[in-house]
Amino acid sequence: MAKSPDNIRLEDSLKNISTADSDHCSKAGSGPVVSVYTICYNQEKYIRQTLDGILLQQTDFPIEAIVVDDASTDSTPDIIREYAAKWPDIFRPVLLKENYYSSNRSKFLDIYLPMARGEFMAICEGDDYWTYPLKLQRQVEFLRRHPDYSACFHLYNLKNETEIKRSTPASRILRSRTCGVKEILVEEIVQTASIVARLDALKNDPELMQDLRESPRSVIDMRFYLSLLATGKVYVFKRRWSVYRLNKKGISYIDKRDDAFDKHIARYRWFSTKYGGRFADLPEQTLAERKVHDEFYSALDKISDAFYSRKFRKGIGPLLRISFRMPKLTYVHAIAIYRNHHAKE
């Protein structure tokens with residue numbers, strides 16, 4: 001069976017890329033159209049996959065990748081230097097000596113925005129990665145055809161490398177379409193590695209710069225989305241073109257799922273206080289709806305764990321094979337006996 005674009009393995013696609021052939025990413029003599037923002041810290045285990053996903057992109061326009069390492073203490077900076085040496089037209093490394101995160105400084109404001117030369121911004125943090133070679137091409141084409149849209153994003157696959165169980169809210173998207181404030185800010189269906197946005201929508205927001213310096217860290221991503229929603233419409237592709245990795249060293253790692261809803265309420269109330277008029281269509285009942293969604297997907301996670309457990313698979317396989325050979329009436333009778341047996345326990 002042929003692979004669909006969503007299922008192309010990153011390793012397979014990278015076989016066609018050599019260190020001397022990066023023309024699919026960088027077109028000499030012209031400025032970049034997309035400025036990719038990559039931040040990382042102690043992600044030597046994952047950063048190659050992130051950078052390979054950028055190299056994977058096949059575009060008819062040049063791109064640049066501003067890779068900011070926040071003073072890692074492992075081999076992450078060495079890996080970034082290696083890629084920058086091989087593909088200097090694509091990778092622009094910034095290897096910090098002092099950790100910006102611990103000093104509450106903004107890498108986006110102080111480093112990325114002054115360096116970004118593109119018309120569009122894409123984000124891929126150092127533990128996430130892109131899997132579809134035409135991801136940037138398709139998203140830029142859409143935004144050029146639709147000037148009334150400030151951004152577009154797509155669905156993503158979740159790669160869980162922790163004990164934390166978490167279903168992606170993107171599974172609620174059943175078709176490609178325009179998304180509104182409630183879906184993006186309340187249901188949080190967006191993941192940063194899926195976004196391509198007009199940089200002007202961020203640069204021309206007079207309140208953004210101050211907010212990014214003064215707002216709680218937990219609202220930073222949502223503050224970006226607010227700027228995009230204020231300047232245009234936002235579209236979602238029902239395609240899974242990236243992987244969002246859950247790991248304890250990840251940028252977006254959640255230590256306790258039980259805290260997620262409380263943190264979300266705190267974020268929402270921060271927005272409501274500062275931008276009340278812009279949230280008039282989001283009454284408090286939407287928070288109750290979100291809590292129900294979270295509880296539902298948490299319960300679904302538990303069912304999935306049981307369903308895919310080794311013990312369950314070991315028992316269900318023989319049962320299904322036997323059931324297909326049983327006459328219909330015998331099969332119905334067997335189910336009735338099973339139900340009666342368990343009813344007596």
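Which residue in E9 is the bridge partner of Tyr129? Some notes on that and a few other spots, bearing in mind that this is a predicted model.

1. Tyr129 first. Its bridge partner in E9 is Val243. The strands involved are E5 (residues 129-130) and E9, which pair in the antiparallel sense over two bridges.

2. E9 has other partners too. Strand E7 (residues 177-179) also pairs with E9 in the antiparallel sense, this time over three bridges. E6 runs parallel to E9, and ten bridges join the pair.

3. Have a look at Tyr235 while you're in E9. Tyr235 is the bridge partner of Cys152, and Tyr235 is also the bridge partner of Thr178. As for cover, E9 spans residues 233-246 and is mostly covered, with ten of its 14 residues buried.

4. Now Ser150, which sits in strand E6 (residues 149-160). Is Ser150 buried or exposed? With a relative accessible area of 2%, Ser150 falls under the 20% cut-off, so Ser150 counts as buried. A polar atom of the Ser150 side chain lies 2.6 Å from the backbone oxygen of Leu228.

5. Who else does Ser150 touch? Setting aside neighbours within four places in sequence, Ser150 is in contact with Leu143, with Ala197, Arg198 and Ala201, and with Leu228, Leu229, Thr231, Gly232, Lys233 and Val234.

6. On to the holes. There are two cavities of 30 Å³ or more in the structure.

7. Which residues line the largest cavity? They are Met121, Ile123, Thr192, Ile195, Asp221, Phe224, Tyr225 and Leu228. Strand E4 (120-123) and helix H9 (220-231) are the elements that give two or more residues to this lining, and H9 gives the most, with four. By type, the lining divides into six nonpolar residues, one polar and one charged.

8. The second largest cavity is lined by Ala151, Ile184, Val190, Ile195, Tyr225, Leu228 and Val234. That lining is seven nonpolar residues, with no polar and no charged ones.

9. Leu228 is part of the lining of the largest cavity and of the second largest cavity, and its backbone oxygen is the one 2.6 Å from the polar side-chain atom of Ser150.

Notes. Residues numbered from 1 in each chain as written. Predicted model: local features only at pLDDT ≥ 70, side-chain atom pairs only at ≥ 80, totals over all residues. Heavy atoms only, no water. 1 Å grid on protein atoms, 1.4 Å probe; cavity = no way out; pocket = protein on both sides within 12 Å on 5 of 7 lines; lining within 4 Å. Points joined across faces, edges and corners; volume = space filled by probe spheres on them. Nonpolar A, V, L, I, M, F, W, Y, C, P; charged D, E, K, R; others polar. Buried < 20%, exposed > 50% of the residue type's maximum accessible area, 1.4 Å probe, protein only. Polar contact = N/O pair within 3.5 Å; in protein donor to acceptor, adjacent residues only side chain to side chain. Contact = heavy atoms within 4.5 Å. Pairing = 2+ DSSP bridges.
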